[in-house]
Amino acid sequence: MLNNVSTRTQSSVSIRDLSLSFGSVKVLENLNLDIYDGEFLVLLGSSGCGKSTLLNCIAGLLEPTDGQIFIKDKNVTWEEPKDRGIGMVFQSYALYPQMTVEKNLSFGLRVAKIPKAEIDRRVARASGILQIEPLLKRKPSELSGGQRQRVAIGRALVRDVDVFLFDEPLSNLDAKLRSELRVEIKRLHQALKNTMIYVTHDQIEALTLADRIAIMKSGVIQQLDDPVTIYNKPRNRFVAAFIGSPAMNFLTGELAEEGGRAVFRTNGVSFSLDGYDASEPMKGGRKVTLGVRPEHIKVDGDIAGGEVHEAVVDIEEPMGADNLLWLKHAGHTMSVRIGGARRYAVGAKVRLAFDMTMASLFDAETEERI
Amino acid sequence: MDKSLTMPVSGPAISAQAGSRLEAGPQGKRPRKRLSSRNIIVYGALGFAALYYLVPLYVMVVTSLKGMPEIRLGNIFSPPMEITFEPWVKAWAEACTGLNCDGLSRGFWNSVRITVPSVIVSIAIASVNGYALANWRFKGSEIFFTILIVGAFIPYQVMIYPIVIVLREMGLYGTLYGLILVHSIFGMPIQTLLFRNYFVSLPEELFKAARIDGAGFWQIYFRIMLPMSLPIFVVSMILQTTGIWNDFLFGVVFTRPDTYPMTVQLNNIVNSVQGVKEYNVNMAATLLTGAVPLIVYFVSGRLFVRGIAAGAVKG
């Protein structure tokens with residue numbers, strides 16, 4: 001489906017025509033994905049979209065029904081997990097409860113019968129990087145959530161693998177720890193430069209960590225791009241709605257021509273589409289959905305020029321740094337993000353302008369970007 | 001717009017009032033009546049149930065410590081006037097079954113020789129079965145499991161005759177090995193179910209993590225699963241030990257008089273009629289036979305609780 005495999009570097013993980021079904025339920029179907037060497041790829045989607053299934057297939061914990069998986073140009077489709085050169089970090093940490101942190105870290109190495117000195121060296125290195133040396137003699141039950149997850153990352157680290165797999169590693173942590181560890185994982189990636197594949201349903205994690213994001217829905221990758229492109233140029237309406245908080249405003253209407261220029265018309269009100277970067281000619285009469293993010297609607301003093309409309313304040317949601325205004329205009333309610341210091345009374349009249357260079361137009365039927 | 005910022009938040013005034021003094025009336029913990037109707041019902045029912053079980057036990061213990069002349073007086077509830085351990089010694093070493101006169105001791109050692117290997121073999125196999133069924137799903141594993149469960153519901157009596165023939169053909173009929181085999185097999189369905197359900201309840205990600213670490217079937221079993229499974233092993237051991245020790249049917253069918261387990265020996269002592277019925281010896285013999293499961297419960301019951309507490313690892 002996506003073939004923007006550029007000439008960047010050689011691919012580290014390559015998934016070709018992968019299918020997996022449980023009985024009659026098809027979880028993945030003909031999925032193709034190339035992950036570059038050293039890339040941080042995030043698989044993003046709501047629960048049940050197949051992202052964890054895909055990760056388990058890469059790890060070798062689930063057998064695909066069809067297709068191939070390559071890691072470092074080696075066909076590993078039938079290989080055991082341990083022979084794939086991967087390390088994995090789980091949501092529930094999955095630390096062996098009866099072993100100390102040190103034994104947890106070294107378990108895989110001891111199973112592989114690696115010499116004692118080498119094991120000690122690798123454990124020392126991993127615990128140094130993750131700053132868990134003081135915890136080495138403790139049992140997992142004596143650790144906090146954040147420390148446990150650090151040990152879990154260390155367990156992948158000692159194995160000296162090419163590819164790290166993360167299965168929602170931060171979902172069990174509270175908000176503060178989550179943002180701390182997020183930064184640490186990013187730092188770790190910058191230091192190690194390993195390929196990392198990271199599964200999450202949290203768009204903030206995806207946007208902050210990823211080199212590229214693959215947004216999945218019902219086992220199909222909807223869009224595979226860098227975070228900026230995903231955010232600003234969503235390929236279809238699903239991606240547009242999934243990414244962004246507060247969510248993008250959607251206005252249903254149709255395309256029309258006024259004075260030789262394309263406009264978007266909804267409930268008798270026309271919006272000029274000047275500045276919109278369309279990928280195909282905009283024919284009048286086509287049913288479309290206009291998507292505008294709350295920060296791309298300008299209000300009163302922020303308006304730099306262009307077409308100006310008038311709207312009424314419906315409700316106000318102050319959020320500290322930002323203030324979210326819900327405005328009524330042209331039969332729609334739309335959210336607008338303004339600075340936290342600017343306050344409006346309910347029912348007040350405001351002027352607004354759409355930044356069409358940052359807007360998205362989707363076909364009403366196919367929901368694809370125009 | 002500024003109005004919204006000065007909402008009534010007169011904080012200091014409120015806290016000053018609350019901290020100073022308490023009003024008369026209900027305060028602190030709510031008092032509860034000792035003799036409420038609820039308490040009377042609960043403790044009454046518990047007391048009655050305890051009496052119901054303890055009175056027969058009391059009669060047995062008291063009777064076993066009396067001499068025969070005292071028993072003939074008929075006061076079964078009265079404590080012994082003269083405590084004697086004679087009946088206990090006799091029950092253990094001298095009581096007659098009609099075939100021999102060496103008491104329960106023979107049966108005790110037979111029972112030990114039957115129970116210990118049966119418990120070890122059945123738990124060892126059932127735990128591996130349960131582990132495989134929980135973690136290493138294979139094609140048809142669910143069907144296999146269902147068949148095993150159905151096995152738990154088939155009445156034993158139906159299978160006695162076929163098993164007698166099978167054991168005879170194997171040359172094991174009448175030996176302790178034959179009975180050990182039968183006990184091990186019959187314990188399998190319920191034990192496997194027990195272990196499978198326990199292993200299924202362990203986090204699946206642990207198993208996945210161990211596989212990524214390169215551990216195989218037996219390494220995961222011995223190094224990851226076993227150390228986490230003390231509680232279920234204790235439960236399983238309690239069930240098997242008491243079940244096999246208390247078994248009478250298989251013991252009487254599959255062994256010969258010189259290999260009879262303790263329960264069969266007890267029956268033969270109590271039911272053999274040779275002149276006077278020695279109630280005190282019978283009571284002592286019964287208490288001796290019941291002592292083993294009782295001790296198992298007392299000792300491992302504690303271990304069980306500790307096992308659960310130690311095994312509890314929150315995710």
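## Ground rules

What you're looking at is a predicted model, where local features need pLDDT of at least 70, side-chain atom pairs count only at pLDDT 80 or more, and totals for chains, interfaces and linings use all residues. Residues are numbered from 1 along each chain as its sequence is written, while chains are lettered from A and ligands numbered from 1 in the order in which they are written.

## Chain A at a glance

Chain A has eight helices and 20 strands; these are DSSP runs numbered from the N terminus, with helices being H or I of at least four residues and strands E of at least two. Its C-alpha trace spans about 80 × 45 × 40 Å along the principal axes.

Of its 370 residues, 41% count as buried. Buried here requires 20 or more other C-beta atoms within 10 Å of the residue's own (12 or fewer is exposed, in between is partly exposed), with C-beta atoms placed from the backbone. Among the chain A contacts with a separation of 6 or more, 66% come from residues 24 or more positions apart; a contact is two C-beta atoms, placed from the backbone, within 7 Å.

Pairing asks for at least two DSSP bridges between two strands.

Two hairpins follow one another here. Strand 11 (residues 249-258) and strand 12 (residues 261-266) share five antiparallel bridges, with A:E257 partnered by A:A262. Two residues lie between these strands, and A:G259 in the turn has a positive phi of about 60 degrees. Strand 11 is joined to strand 14 (residues 287-292) by six antiparallel bridges, and A:F250 stands opposite A:G291.

## Around A:F164

Why does A:F164 count as buried? Because it has 24 C-beta neighbours inside 10 Å. A:F164 belongs to strand 7 (residues 163-167) of chain A. Beyond residues up to four places away in sequence, it touches A:G87, A:A156, A:N194 and A:M196. Its C-alpha atom is 6.2 Å from that of A:I197, 33 residues apart along the chain.

## Nonpolar cores

A nonpolar core is a set of buried Ala, Val, Leu, Ile, Met, Phe, Trp, Tyr and Cys residues joined through C-beta atoms within 7 Å. The largest has 130 residues, and those touching the most other members include A:L165 and A:I197. Its largest share, nine residues, comes from helix 8 (residues 176-201) of chain B. A separate core of 11 residues includes B:M262 and B:L288.

## Where the chains meet

In the contact between the chains, 22 residues of chain A meet 17 of chain B. On the chain B side, helix 9 (204-212) and helix 10 (217-225) are the elements giving two or more residues, and helix 9 gives the most, with six. That side divides into 10 nonpolar, three polar and four charged residues; Ala, Val, Leu, Ile, Met, Phe, Trp, Tyr, Cys and Pro count as nonpolar, Asp, Glu, Lys and Arg as charged, and the others, Gly among them, as polar.
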